[in-house]
Each structure stands twice: as structure tokens, then as C-alpha cells.
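User: I am new to this structure and would appreciate a guided reading. Please begin with the terms that will be needed.

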Amino acid sequence: MSTDETITVIADDVEYQAAADLTPPEGDRAWNATLTARDDATAYAIFLAGEGTLRLGDGREGDFWTLVHLIDTDGEEETYQVRIEGKQGAPFGN
């Protein structure tokens with residue numbers, strides 16, 4: 001599930017804005033997401049926090065751990081991403 005809306009990421013008590021590509025859990029696997037930040041400094045700050053909270057526009061929240069910091073250079077513009085894994089139930093879906 002990709003979100004067209006900007007979501008809020010709270011890491012080290014700082015709020016950041018990002019887009020999110022959210023993947024619901026399958027079987028015993030946790031939910032995960034790829035966050036796309038507006039710049040590398042934001043993506044790196046989220047990654048360095050090690051964990052945080054993702055807040056959707058409707059107020060639902062989910063805690064996560066950070067996994068990988070990426071700079072994607074495949075497209076026309078670089079994108080700054082962080083892959084995350086949820087700590088508990090997904091804050092999205094049914």
C-alpha cells in the first residue's frame with residue numbers, strides 16, 4: 001500500500017515528513033515500509049534514531065525499528081529512503 005499523503009515520522013523526539021510504501025504483515029512476519037524523505041539529512045536522521053513512530057494522517061500510529069538507509073539513484077532524481085520494520089500491529093489496513 002503506497003500512501004499519496006505525507007506521513008509523520010517521529011524519531012528521537014523530532015517530527016519529520018515522509019512518503020511511505022507500506023507492506024502489511026504476512027504470516028508471522030511484521031509489517032514493514034520504505035520511507036522516502038525529502039532530503040538525505042532527514043532520511044539519515046530517521047535511520048540513526050534506530051527506532052521511532054510512524055503516524056498516518058488519520059492519527060493511527062505504529063512503532064518501528066530502522067533497518068537500512070538508502071540513496072536510490074536509479075530514477076531521474078535521487079531519492080532518500082529508510083526501510084523500517086514494525087514492532088507491533090500495523091497502523092494501516094483492515
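Analyst: Buried means under 20% relative accessible area, exposed means over 50%, and partly exposed lies in between (1.4 Å probe, protein chains only). Helices (H or I, at least four residues) and strands (E, at least two) are DSSP runs, numbered from the N terminus. This is a predicted model, in which local features need pLDDT of at least 70 and side-chain atom pairs count only at pLDDT 80 or more, while totals for chains, interfaces and linings use all residues. Residues are numbered from 1 along each chain as its sequence is written, and side-chain values use heavy atoms, with hydrogens and water left out.

User: Which pattern of helices and strands does the protein follow along the sequence?

Analyst: The secondary structure comes to one helix and six strands. Read along the sequence, these elements give the pattern β-β-β-α-β-β-β.

User: What radius of gyration does the protein have, against that of a compact globule?

Analyst: The radius is taken over C-alpha atoms, and the globule rule is 2.2 Å times the number of residues to the power 0.38. For 94 residues, a compact globule would come near 12 Å, and the protein agrees with this at 12 Å.

User: Which residues of helix α1 are buried?

Analyst: Of the 94 residues of the protein, 35% count as buried. Helix α1 spans residues 40-49, and its buried residues are Thr42, Ala43, Ile46 and Ala49.

User: Why do the buried residues of α1 line one face of the helix?

Analyst: The arc is that of the directions from the helix axis to the C-beta atoms. Seen down the axis of α1, the buried residues line one face because they fall within an arc of 125 degrees.

User: Which exposed residues does the face of α1 turned away from its buried side carry?

Analyst: The buried side includes Ile46 as one of its residues. The face turned away from that side carries the exposed residues Ala41 and Leu48.

User: Where does aspartate 12 lie, and is it buried or exposed?

Analyst: Most residues other than glycine have a negative phi. Phi of aspartate 12, however, is near 50 degrees, a positive value. Aspartate 12 lies in the loop between β1 (2-11) and β2 (14-23), and with a relative accessible area of 58% it is exposed.

User: What is the relative accessibility of aspartate 13?

Analyst: Aspartate 13 also lies in the loop between β1 and β2. Its phi is positive, near 65 degrees. Aspartate 13 counts as exposed, its relative accessibility being 81%.
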